[in-house]
Amino acid sequence: MYDLVVIGGGPAGLAAAYQAYQHGLRNILILERDKELGGILNQCIHNGFGLHRFGEQLTGPEYAGRFIKMLNDTNVQVSLDTMVLDVTPDKKVHCVSKKEGYRIIDAKSVILCMGCRERTRGAIGIPGTRPAGIYTAGTAQRYANIEGYMVGKRVLILGSGDIGLIMARRMTLEGAKVLACVELMPYSSGLTRNIVQCLQDFNIPLYLSHTITDIQGNGRVEKVIVAKVGPDRKPIPGTEMEFDCDTILLSVGLIPENELTRQAGIEMDPHTKGAVVYENMETSIPGVFASGNVVQVHDLVDFVSGESELAGASAAEYVEKGEPESGRVLNLQVGDGVGYTVPQRVRMGNVDKNVTVSFRVRRIYGTSSIVVKSGDTVVARFKRERMTPGEMEHITLPRVLLEKAPQDTLTVQAEEAQKS
């Protein structure tokens with residue numbers, strides 16, 4: 001029996017396994033479905049990774065390489081090219097690989113680190129037959145950076161997620177003409193730095209509150225019709241623009257890969273589409289933890305690592321000491337302007353000094369405050385100069401403030417400052 005089985009060998013799994021080792025576990029196994037560790041980082045050859053974690057800008061493979069090198073100094077075992085089929089509540093992991101066939105692995109603890117996947121054309125309901133030339137941004141990134149293929153010459157990008165923004169720059173540097181980035185919402189879902197470095201620096205227009213209304217072409221994309229949308233997100237007649245292009249990249253959001261989580265019967269959060277987790281990243285099944293993009297879609301990999309290190313340390317504590325004392329449990333819920341919170345629950349008996357809460361706001365805020373309330377009582381208030389949906393927010397709630405909450409429910413909400 002393994003002390004810990006980590007499902008997924010991307011940035012979350014690497015950080016979780018290493019931290020569990022650092023906290024005393026010695027019988028750890030990482031199961032990875034790909035043929036090498038690193039996950040999505042392997043195709044992200046641009047820099048910008050690691051500023052928080054390592055204090056320097058690294059490419060994706062360099063960032064993954066740092067953790068792989070650290071793991072090489074441990075006895076953590078890795079099983080590559082291995083697909084996990086099921087995780088049971090009693091922590092039996094069913095998996096299969098060409099090398100070892102079908103296996104059932106017993107574990108004292110499990111960390112779910114399966115990451116996320118892109119929304120596809122079908123997921124966002126683009127009708128019609130499929131002409132060649134329509135890719136998700138991540139697929140195009142893999143073709144360009146790993147397989148060595150250019151997916152097109154005249155490109156239009158639907159959605160302003162970070163992968164789409166980065167691919168706008170990447171395709172331009174490789175000689176393609178990126179005509180525009182089109183975003184349905186009145187704001188971008190990507191990081192501000194990516195809008196500046198990937199669009200503005202290359203004079204690529206960003207059309208907010210616009211969407212594709214028609215894709216034309218015989219066999220291959222030849223033309224795209226884009227129109228402005230109203231507050232109801234429906235196209236406004238008379239605002240159409242035509243773009244002659246041969247390629248559309250979809251960058252329309254990411255979905256946590258939670259098929260295994262649901263199969264295990266773990267409680268899910270309808271807001272994050274990931275598992276409901278406690279303050280130590282433990283799910284509703286004792287001894288089963290989750291971290292990284294399978295819990296919430298992060299903006300920076302550095303935060304994936306930090307969250308996963310917490311999960312790894314918590315799994316080690318669970319194996320060595322058992323389930324933590326529960327005591328009073330505080331339930332976090334979303335208030336005005338907040339899309340979700342992670343964690344969703346806090347066991348006061350397991351809080352040493354403080355709890356960090358992550359979330360995203362639902363629209364752009366100027367000078368504003370993040371307010372944490374229990375009933376009508378304000379427990380904490382954090383000032384912000386600006387908040388956008390594309391960037392995660394993090395607040396730290398000290399235990400002494402949590403103890404003052406008069407009710408067992410905490411509401412996290414955003415409040416814009418009144419203009420004088």
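Which residue in strand 24 is the bridge partner of Ile 370?

1. Basis. This is a predicted model, in which local features need pLDDT of at least 70, side-chain atom pairs count only at pLDDT 80 or more, and totals for chains, interfaces and linings use all residues. Residues are numbered from 1 along each chain as its sequence is written, and side-chain values use heavy atoms, with hydrogens and water left out.

2. Strand 24. The partner of Ile 370 is Ala 414. Strand 21 (residues 368-374) runs antiparallel to strand 24, with 6 bridges. Strand 18 (residues 329-334) runs parallel to strand 24 (residues 409-416), with 4 bridges. Here Asn 331 is bridged to Thr 409. Strands are DSSP runs of E, at least two residues; helices are runs of H or I, at least four; both are numbered from the N terminus. Two strands pair if DSSP finds at least two bridges between them.

3. Thr 272. This residue sits in the loop between helix 6 (259-263) and strand 17 (288-290). Thr 272 counts as buried because its relative accessibility is 9% (buried: under 20% relative accessible area, 1.4 Å probe, protein chains only). Its side chain reaches the backbone nitrogen of Gly 274 at 3.0 Å. Beyond four places in sequence, Thr 272 touches Pro 256, Val 295, Tyr 340, Val 342 and Gln 344 (contact: heavy atoms within 4.5 Å).

4. Thr 211. This one lies in strand 12 (residues 210-216). Thr 211 is also buried, at 16% relative accessibility. Leaving aside neighbours within four places in sequence, its contacts include Leu 158, Val 182, Ile 225 and Val 229.

Conventions: Buried < 20%, exposed > 50% of the residue type's maximum accessible area, 1.4 Å probe, protein only. Polar contact = N/O pair within 3.5 Å; in protein donor to acceptor, adjacent residues only side chain to side chain.
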